[in-house]
Structures are given as structure tokens and as C-alpha cells.
Amino acid sequence: MSHELLEEASQRLRDASEAADGDVQRRIYDQSDALATLAASDRTPDHGRLARHMNVLAELADETDGEAHNAVVDARAKVSEFREGVAGV
């Protein structure tokens, strides 16, 4: 499975962090880093880990608006698409 979707999600979150400020900006950036780490790994993350990221991204989407909101929503959709290809559950 290609980790390209996770790389794209990470980049969208970097975009979102540039459009946000304060604590939300840091939380978005942290999620971007975490997804970049997963994308660079040889191992495929499990459903539970991906679900946790998706939950945080849903919270961040609720806390943002405008360009940042759109980028977070897009990143979450990419993680969801990646997760559909993960074996199990």
C-alpha cells in the first residue's frame, strides 16, 4: 500500500497550520508531523492509530474555519481513504 495519501494529508495539514494561529496551529502541526512519520515508515499503521488521528482531525476541523478548516477536512479525507485500504477490522 502506498503511503502517498498520508504524505498528502501531512502536507495539507502543514498548509492548515500556516492558516491557523495559537494552540490550534501547534496541534495541527503536530498532527502533520505524526502523519509524515507514518508515511515514511515501512510499516502500515493499524486501524486504531488511524482512527485516533481521524478523531483529532475532526476536533481540529471543528476548531478552525476558512482555509485552515478546508485543509484539515481534506487531510482527514485522505487519512480515511488510506484507512480503507488497511487490512483488518
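A salt bridge here is a side-chain nitrogen of Lys or Arg within 4 Å of a carboxyl oxygen of Asp or Glu. Asp 33 and Arg 14 make one of these, with their closest N and O atoms 2.8 Å apart. By this rule the count comes to seven salt bridges. The model is a predicted one, in which local features need pLDDT of at least 70 and side-chain atom pairs count only at pLDDT 80 or more, while totals for chains, interfaces and linings use all residues. Residues are numbered from 1 along each chain as its sequence is written, and side-chain values use heavy atoms, with hydrogens and water left out.

- Helices (H or I, at least four residues) and strands (E, at least two) are DSSP runs, numbered from the N terminus.
- Asp 33 is partly exposed, at a relative accessible area of 30%, and Arg 14 is also partly exposed, at 22%.
- For these labels, buried means under 20% relative accessible area, exposed means over 50%, and partly exposed lies in between (1.4 Å probe, protein chains only).

**Within helix α1**

- Arg 12 and Asp 15 join their side chains in a salt bridge of 3.2 Å, N to O.
- These two residues sit three apart in helix α1 (residues 4-19), so about one helical turn separates them.
- Arg 12 counts as partly exposed at 25% relative accessibility, and Asp 15 counts as partly exposed at 23%.
- There is a network to look for here too: salt bridges link Arg 12, Asp 15 and Asp 74.

**Within helix α2**

- Asp 30 pairs with Arg 26 in a salt bridge whose closest N and O atoms are 3.2 Å apart.
- Asp 30 and Arg 26 are four residues apart in helix α2, so they too are separated by about one helical turn.
- Asp 30 is partly exposed, with a relative accessible area of 37%, and Arg 26 is partly exposed, with 47%.

**A buried serine**

- Ser 32 is another residue of helix α2, and at 0% relative accessibility it counts as buried.
- Leaving aside residues up to four places away in sequence, Ser 32 touches Ser 10, Leu 13 and Arg 14, where contact means heavy atoms within 4.5 Å.
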